[in-house]
Each structure stands twice: as C-alpha cells, then as structure tokens.
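Let's go through a few spots in this model together. Have a look first, then we'll talk.

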Amino acid sequence: MNNAKRSFQAKTAFELIEEAVHLVKTSSSAARASYYLGSAPFVLGLLFFWAEMSRSPFGERHLPAAALAMAGLFLWMQFWQAIFARQILTSLAGPLPRLSVRQRGRIFIAQAALQPTGLFLIPLASIPMLPLAWVFAFYQNLTAVSESADEGLRPLIRKATRQSGFWPRQNHMLLTILFGFGFLVFLNWVSVCFLLPFALKMFFGIESVFTRNPLAMLNTTFFAIMFGLAYLTVDPILKAVYALRCFYGEARESGADLKAELRSISGAARQFGGAVVFLLWLSGAASQARPAEPA
C-alpha cells in the first residue's frame, strides 16, 4: 500500500496528463464512440439553442421546449461520459464486468440527480477565496466513480468528495495546465475556421460572403461553434485525467496500480518470449535448409 502511494505521488501533473492522452489515444473505438455519442448531440443542440435564441424572431416562443430539450441532452451527455470514464480505464484495471440494465439505470439516475447542481456551484466556486479546484474535481469524480451509484447516492458522494481531497497541489496544476491547453486549442480552431474560406477560394476558386467580408464571420455564433469544437477536443483528456486520479486514489488502499504494472510487465515478457521463440525457430529452420558441404 505504501509503495502504491509513493508510486503515484511521484507523478507530476504533466506525467498524469501524458498518461491520460495515451489512454485516450489507445482506448477502444467503443470507448471513444460512447463519449461522442453523448457529447456531440449536446454540443450540437447547444449551438442550435444559441443561434435560435440570439437570432430567431421566434426564439421566445420556442424557449420552453428548447430548454427542456437541452436539459435532456445534458443528462444524456453526463450518462455517456460516465460510461466513457469507466471504459477508459480497462487498459489499466483490466476488463471490467459488463453493466446490467439496472446498473446503467442507477448510473443515469445518479448523474441526473447530482451533475446539474454543478452548473450553479462551479461558477460560484470560481469566486475568489472559494474552492474552485475541489468543487470542479468533485463533479469530475462523480463521472469517474459512477459505478458507486449501485450502492446509492450517499456512497457516491462520499467517494467523490474523498477523492477530490487527494493531492490538492496536483489538482490545481492540472486545472491550470488544462485550462491553458484548452485556450490554445480554442485559438487553433478559430484560426483554422477563419482561414478556411480563403483557402477554399485560393485552391478551388470558391467565393463566399466570408471572403468578401471577413468580419462577418466574427459573431457570437462563430465563437460558440469554436468553443464547442475545443470542448470536444479537450474534454476527453480531462475526463481521462480525473479517472486516473480516482484510480490511483483507490490504489492507495487496493494496490491496483501495482497490479496494473505487473500486468504490463507480464504482457511485455510474453511478447519478448514469443519473439525469442520465433527467432530460435527461424534460425533452426535456416540451418536445416542449408545444403550439406561435400566431404
């Protein structure tokens, strides 16, 4: 247990982000699909809601139905992000048992009951002298430890609260780095989409209203789209980072990180042993195929 604790404390925020990026890149297509199955509809719905409420003359008439639809898409997103966080750790914790319909229902109910409060508490916690990092980590942990919902809401809240108190310095560093990274991703998307009409005109001769008046692109809807693209780019890494924090936090007692390291070592040893056997077989076959020298 002490070795597991020392092993995780040696990880810096940069190392944890690097490991999270590797997990996202090497995750299964099903895990990535589960994330975008939940997040993409919400982002698209939010963009439609933004455009409808800011530009349409009938926006006030459609407001109740659109707000209800956005609430449903938000709950849908939180459920699938919890499934994604569970699947992303299979490469570390090993294959996990398949969730039953009852367990999925409990996860959905828990996320629906707790996550909406973050829409109010996280902005309040961003006021100076309030614990933004702990509150933000708590709501990310609710996604990462969603399986505890099978035991009820109270165990889930206790577990997420306990995990948010681990390694506060690392937590603050993670938020600072990921916020800066997200801002750079946002600027990259703005640059690419702003220059795209001019590239189409240069290479294909396609004229558009944006090439005739580039400033027409700079409106609230454009920046909302760029924010949505940046969110879909950075948020999977954010979810993986806090899933890793919860995994290593639980490993303080269970030693799960040591088991994961042993699995990776044994897997590498099997691959090395297989390569050695193949080379020995290849050398034996080559020696048998060599013609005998005349006496």
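Q: Which residues does Lys239 touch, not counting those up to four places away in sequence?
A: A quick note first: this is a predicted model, where local features need pLDDT of at least 70, side-chain atom pairs count only at pLDDT 80 or more, and totals for chains, interfaces and linings use all residues. Residues are numbered from 1 along each chain as its sequence is written, and side-chain values use heavy atoms, with hydrogens and water left out. Lys239 lies in helix H12 (residues 220–254), helices being DSSP runs of H or I, at least four residues, numbered from the N terminus. With contact meaning heavy atoms within 4.5 Å, Lys239 touches Gln81, Phe84, Gln140 and Thr143.

Q: Is Lys239 buried or exposed?
A: Buried means under 20% relative accessible area, exposed over 50%, and partly exposed in between (1.4 Å probe, protein chains only). Lys239 has a relative accessible area of 6%, so call it buried.

Q: Which helices do the buried residues of H6 pack against?
A: In H6, the buried ones are Ile107, Ala110, Gln111 and Leu114. They cover an arc of only 95° around the axis (taken from the directions from the helix axis to the C-beta atoms), so they sit on the same side of H6. Their packing partners are helices H4 (59–88), H7 (118–125), H8 (132–144) and H9 (153–164).

Q: What is the phi of Trp167?
A: Most residues other than glycine have a negative phi. Trp167, in the loop between H9 and helix H10 (168–204), is not a glycine, yet its phi is positive, at about 50°.

Terms used
Helix = DSSP H or I, 4+ residues; strand = E, 2+ residues; numbered from the N terminus.
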